[in-house]
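This briefing covers salt bridges, nonpolar cores and strand pairing in one protein model. Please consult the sequence and structure shown below while reading.

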Amino acid sequence: MTASCDIAMVTYDLRASGVVRNALWIAAAARDAGLRVEMRLVRRQGEFLDRVPEGVPLVPLYTAPTARQRDLDSVLAVPRLARSIAARRPHVLFSVGNQMHLHTALALCGRDRGAMRCVGRISNAVAAASPHGARLRPLVRGVERFQFRAFDRLIPISHELGAQLVSAIGIPPGRISVIRNGIDLAAQARAGQGDPGHPAFDDPATPVIVVVGRIARQKDFPTLLRAFAIARRQRPLRLVHLGRGDPGRLSGLAQRLGIDRDVWFAGHVAAPAAFVARAALFVSSSRWEGAGNVILEALACGTPIVATAAPTGIREILEPGDLAPLVPIGDAAALGQAILDRLDRPRDSARLTARAKESDLAETLGRYVDLLRDEVALAAGGACTAARGAAVPAQAEGHAR
């Protein structure tokens with residue numbers, strides 16, 4: 001059977017998120033390297049539809065948008081995804097973020113893959129490695145073992161995350177290639193020069209804290225609001241949240257804490273760098289992350305950072321430890337005090353931007369292209385069955401060029 005393309009990149013939709021943005025960068029780099037790339041979507045929807053690289057076809061399972069919850073919609077779409085893979089089998093099936101790994105594994109279950117290679121980019125912490133939810137851990141580990149073992153190659157975006165795949169799930173190290181996230185420094189600098197045009201910045205004497213991320217349990221914004229209330233009692237401050245989601249409960253909490261006049265939920269914005277660059281402080285309150293692209297973006301803007309010590313990649317970005325305060329997860333008092341302490345220190349933007357330069361996007365994308373080219377060669381040569389799990393040696397940092 002002739003492959004429909006070299007690489008089919010699987011994601012739910014093209015909503016504004018770090019996973020999708022990285023997937024579009026990888027798609028463009030693979031296309032520029034001469035690989036035939038297409039994007040398999042469950043839904044043809046999302047704010048990033050207009051960012052799809054020219055020459056990269058979209059192959060949606062459903063063309064109509066939906067308000068249905070993503071996980072439920074993805075489960076219901078598994079049979080259609082399985083038929084799509086069988087009908088348009090690529091050389092490499094590439095699940096680009098955690099949200100589609102289980103559904104991709106289910107679509108592949110019990111089916112003849114032929115020479116097709118399956119690759120998964122691991123963009124968030126391994127749930128089975130979490131210290132919480134001990135009673136459910138055996139079930140969670142079983143689900144994650146099923147989904148991750150469906151892939152021939154796994155690409156965690158931090159070394160800590162790669163170690164979790166080995167220790168908590170039992171993935172052989174030879175099937176893992178770490179490729180850390182990168183950032184387009186020039187584009188970030190240009191975007192940071194814009195004017196956010198937001199009333200939170202109207203008073204230059206009042207520091208503005210900016211947070212970025214969808215409203216979800218992972219981001220732990222209730223702890224952030226409590227921390228902001230603690231800091232706000234000590235000095236004038238304002239807080240702006242950028243990201244998708246219904247802020248109803250958070251707005252109610254802000255009112256109960258008495259900080260609602262100093263908090264804005266601005267929703268998704270096309271150029272968050274304009275906000276981040278003008279901010280006095282960027283704060284990440286996450287319970288867990290993959291590698292924290294927003295942390296890289298704040299560094300590139302030269303904006304001071306306070307973050308929780310969330311697994312799995314934030315420590316790797318912010319080492320050494322004096323680059324930014326890291327506080328315990330869920331500790332509002334510690335986060336509030338860290339906010340006050342960091343605001344009292346010099347901005348030190350030159351040191352922050354120098355750290356960001358160590359995560360150059362071009363180098364990251366080069367590693368993806370090399371790895372994907374090797375995977376395509378394995379599939380095209382019909383060597384998948386003999387070589388599965390051992391054909392591409394892991395490298396100390398990503399995939400050596």
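**Briefing: charge pairs, cores and sheet**

Arginine 153 counts as buried, at 0% relative accessibility; buried means under 20% relative accessible area, exposed over 50%, and partly exposed in between (1.4 Å probe, protein chains only). The structure is a predicted model, in which local features need pLDDT of at least 70 and side-chain atom pairs count only at pLDDT 80 or more, while totals for chains, interfaces and linings use all residues. Residues are numbered from 1 along each chain as its sequence is written, and side-chain values use heavy atoms, with hydrogens and water left out.

**Salt bridges**

- As a general principle, side chains of opposite charge can pair when their charged atoms come close.
- Arginine 153 forms a salt bridge with glutamate 375, at 3.5 Å from N to O.
- Because glutamate 375 belongs to helix H15 (residues 361-380) and arginine 153 to strand E6 (residues 153-156), this pair ties together parts that are 222 residues apart in sequence. Helices (H or I, at least four residues) and strands (E, at least two) are DSSP runs, numbered from the N terminus.
- Glutamate 375 is likewise buried, with 0% relative accessibility.
- Arginine 232 and aspartate 262 meet through their side chains in a salt bridge of 2.8 Å, N to O.
- That pair links distant parts of the chain, 30 residues apart: arginine 232 is in helix H8 (residues 221-232), and aspartate 262 is in the loop between helix H9 (248-257) and strand E9 (263-267).
- Arginine 232 is partly exposed at 26% relative accessible area, whereas aspartate 262 is buried at 15% relative accessibility.
- A salt bridge of 2.8 Å, N to O, also joins the side chains of arginine 31 and aspartate 32.
- Arginine 31 is partly exposed, at 29% relative accessibility, and aspartate 32 is exposed, at 58%.
- Glu38, Arg40 and Arg88 are connected in a salt-bridge network.

**Nonpolar cores**

- The largest nonpolar core comprises 65 residues, and Ile7, Met9 and Phe94 have the most contacts inside it. Such a core is a set of buried Ala, Val, Leu, Ile, Met, Phe, Trp, Tyr and Cys residues joined through side-chain atoms within 4.5 Å.
- Helix H1 (residues 18-32) gives the most to this core, contributing eight residues.
- Leaving aside residues up to four places away in sequence, phenylalanine 94 touches residues including Ile7, Met9, Ile26, Val119, Ile155, Tyr368 and Leu372; contact means heavy atoms within 4.5 Å.
- Another core, of 29 residues, lies apart from the largest one and has Val208, Ala307, Leu323 and Leu352 among its members.

**Sheet and crossover**

- Six strands form an open sheet in the order E9-E8-E7-E10-E11-E12, with parallel pairing; two strands pair if DSSP finds at least two bridges between them.
- The edge strands are E9 and strand E12 (326-327), each of which pairs on one side only.
- Strand E8 (residues 238-242) runs parallel to E9 and is joined to E9 by four bridges.
- Leucine 239 has valine 263 as its bridge partner in E9, and valine 240 has tryptophan 264.
- E8, H9 and E9 make up a right-handed β-α-β unit; a crossover is right-handed if, with the strands pointing away from the viewer, the path from the first strand over the helix to the second runs clockwise.

Conventions:
A salt bridge is a side-chain nitrogen of Lys or Arg within 4 Å of a carboxyl oxygen of Asp or Glu.
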